[in-house]
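These are my notebook entries on a single chain.

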Amino acid sequence: MTSGTSRRLPDFPWDSLADHAAKARTHPGGVVDLSIGTPVDPVPELIRHALGTVADQPGYPTTHGAASLREAVVGALTRRHGVPPLDPVAVLPTIGSKELVAWLPTLLGLGPGDVVAIPALAYPTYEVGARLAGATPVRLADGEPAPAGTALVWLNSPSNPTGRVQDAARMAQAVADAREVGAVVASDECYLALAWTAEPVSVLRPEVNGGSLDGLLAVHSLSKSSSLAGYRAGFVTGDPALVASLLEVRKHAGMIVPRPVQAAMTAALTDDAHVAEQRERYRARRELLLPALTAAGFTVDHSEAGLYLWSTRGGEDAWDTVAWLAERGILAAPGTFYGPTGDKHVRIALTAADDRIAAAVERLTS
Ligand SMILES: Cc1ncc(COP(=O)(O)O)c(C=O)c1O
């Protein structure tokens, strides 16, 4: 039996890769799975240590998060991303960012008749979130303003899947356009710390928001920058009134980050060295994989930041490219997972161990 809610949702895209995954696994050197962006490097020791320090605290943690965690968020945003110090009261930890993305339209009270604007090529959960709320997702081309009736606009720079970075002027225009129609702006800044050839900016910066946080939310994740996908660690911040209303609902619904994860997040957000180290690991992988793809006849578009190489083999159909790569034991995600206009691209992740990246390079260049 399927529930009414699950019927509103698309098929889980990765299930459709199963045949190509089976093909790739038959390669004598083993599969190189570059189809998902899951971290593979060790969790930094200071974070593991922090996790254990609160193992013997039996009481409930607060939904709002410990004050020390919220202060650590404010400090990290200022140090790492040049965000003017926020009021820690406007910080709310989330159980990773995917759940916030999926539930934000519902938490904001959106429903049938409301439009949720998402990028033409986008992380699939923006659409899922709109559908869970019964709202209508609308895909916007680059620079296209949100139509009247839009209640929520998702921005995502650096982008998953394209790695495209919007400069401050373009971000500011998107914010102004959304404000024009009275929409909330949610900026998913999951890849902000992973920039290669362009400098992404947070929506929390005054040159983007004109010095006002009204109607703005910034959504952050520690999954990629601190290799904490397994811990489920994220946060949302921005407009204090919006954050307060999210907190209110999340308190009632039990959407609480476990205390050990709160402690781990606090440690991660207080240390920048491990973020720099992790970034260098990904940079090194990118510097091997990108030229290997080019040598194999691919064109890599955008990919100025983030964990993916948005690649096309001369405009070939995305599924044919997935099949071509699977023949060589490499698994990639077809661009169509992210929107219909991704039909000529595949998304190739940088999140594999060094030996797997070396195997992919060897297969692409021999
Ligand atoms: C754009 C974007 N947003 C959000 C997420 C969710 O990350 P997490 O739930 O691990 O914080 C991802 C994960 O890949 C992503 O690519």
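I call a residue buried if 20 or more other C-beta atoms lie within 10 Å of its own, exposed if 12 or fewer, and partly exposed in between, with C-beta atoms placed from the backbone. The model is predicted, so I note that local features need pLDDT of at least 70, side-chain atom pairs count only at pLDDT 80 or more, and totals for chains, interfaces and linings use all residues. Residues are numbered from 1 along each chain as its sequence is written. Helices (H or I, at least four residues) and strands (E, at least two) are DSSP runs, numbered from the N terminus.

Entry 1: I looked up His-302 and found a positive phi near 50°. His-302 sits in the loop between strand 9 and strand 10. It counts as buried because 20 other C-beta atoms lie within 10 Å. Ser-227 also has a positive phi, near 55°, and belongs to the loop between strand 7 (216-221) and strand 8 (234-238). Ser-227 is buried, since it has 24 C-beta neighbours inside 10 Å.

I then checked omega. The peptide bond between Ser-157 and Pro-158 is cis, with omega about -5°. Another cis bond joins Asn-160 and Pro-161, with omega about 20°. I place Pro-158 in the loop between strand 5 (150-155) and helix 7 (168-180); Pro-161 lies in the loop between strand 5 and helix 7 as well.

**Entry 2: helix 11.** Buried residues in helix 11 are His-274, Val-275, Gln-278, Arg-285, Arg-286, Leu-289 and Leu-293. With contact taken as C-beta atoms, placed from the backbone, within 7 Å, the buried residues of helix 11 pack against strand 9 (299-301), strand 10 (308-312), strand 13 (346-349) and helix 13 (354-365). Just after helix 11, Gly-297 has a positive phi of about 100°.

**Entry 3: strand pairing.** Two strands pair if DSSP finds at least two bridges between them. I found 4 strands in an open antiparallel sheet, in the order 9-10-13-12. Strand 9 and strand 12 (333-334) are at the edges with a single partner strand each, so one side of each has no neighbour in the sheet. Strand 10 and strand 13 pair antiparallel over 4 bridges, and Tyr-308 has Ala-349 in strand 13 as its bridge partner.

Elsewhere, strand 3 (residues 115-119) and strand 4 (residues 136-140) pair in the parallel sense over 5 bridges. From strand 3 the chain passes through helix 6 (residues 125-133) to strand 4, a right-handed β-α-β crossover. Right-handed means that, with the strands pointing away from the viewer, the path from the first strand over the helix to the second runs clockwise.

**Entry 4: core.** A nonpolar core is a set of buried Ala, Val, Leu, Ile, Met, Phe, Trp, Tyr and Cys residues joined through C-beta atoms within 7 Å. The largest has 113 residues, of which Leu-152, Val-185 and Ala-264 touch the most other members. Helix 10 (residues 259-270) gives the largest share of this core, 7 residues. Leaving out residues up to four places away in sequence, Ala-264 touches Ile-47, Ala-50, Leu-51, Leu-228, Tyr-231 and Ala-233.

Methods
Contact = placed C-beta atoms within 7 Å.
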